[in-house]
Amino acid sequence: AQAVLDLVDVDLVQEATKVMEYFEIVAMEREIGFAVTGQGRIRADRNLVQRAITNLVSNAVRYGDAGS
């Protein structure tokens with residue numbers, strides 16, 4: 001069976017900011033800083049975009065050097 005994508009306009013800054021806020025406390029404990037800069041909009045499945053950004057940020061917090 002093929003998955004059905006729910007394609008919508010996604011503001012990447014808004015989605016990245018939500019994910020960063022979720023990881024903010026853990027990142028502060030590890031002294032890891034985040035910054036969302038730039039701008040971007042895409043047509044994509046919002047849930048998949050959120051999962052991708054969450055995966056990237058989670059890996060950065062988990063495997064990034066403390067103080068970075």
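Predicted model: local features only at pLDDT ≥ 70, side-chain atom pairs only at ≥ 80, totals over all residues.
Me: Where is the place of E31, then? And is E31 buried or exposed?

Reply: E31 sits in the loop between α1 and β2 (41-45), and it is exposed at a relative accessible area of 57%; buried means under 20%, exposed over 50% and partly exposed in between, using a 1.4 Å probe and protein chains only. Most residues other than glycine have a negative phi, whereas E31 has a positive one although it is not a glycine.

Me: Back to α1: where does it bend?

Reply: The bend is at F23 and comes to about 55°, taken as the angle between axes fitted to the seven residues ending there and the seven starting there.

Me: What caps the N-terminal end of α1?

Reply: That is D11, which places a side-chain oxygen 3.0 Å from the backbone nitrogen of V13.

Me: Which residues of α1 are buried, and what covers them?

Reply: E15, A16, V19, M20, F23 and A27 are the buried ones, and their cover includes β1 (7-11) and α2, judged by contact, meaning heavy atoms within 4.5 Å.

Me: How many residues are in the largest nonpolar core?

Reply: Twelve, among them V10, F23, A44 and V61; a nonpolar core is a set of buried Ala, Val, Leu, Ile, Met, Phe, Trp, Tyr and Cys residues joined through side-chain atoms within 4.5 Å. Two or more residues each come from α1 (12-29) and α2 (46-63), and the largest share, five residues, is from α1.

Me: Switching topic, how many aromatic pairs are there?

Reply: The count is one, where rings of Phe, Tyr and Trp (its six-membered ring) pair if their centres lie within 6.5 Å, with planes under 30 degrees apart stacked, over 60 edge-to-face and the rest tilted. The rings of Y22 and F23 have centres 5.1 Å apart and planes at 85°, so the pair is edge-to-face.

Me: Are Y22 and F23 buried or exposed?

Reply: Y22 counts as exposed at 66% relative accessibility, whereas F23 is buried at 12% relative accessible area.

Conventions
Residues numbered from 1 in each chain as written. Heavy atoms only, no water. Helix = DSSP H or I, 4+ residues; strand = E, 2+ residues; numbered from the N terminus. Polar contact = N/O pair within 3.5 Å; in protein donor to acceptor, adjacent residues only side chain to side chain.
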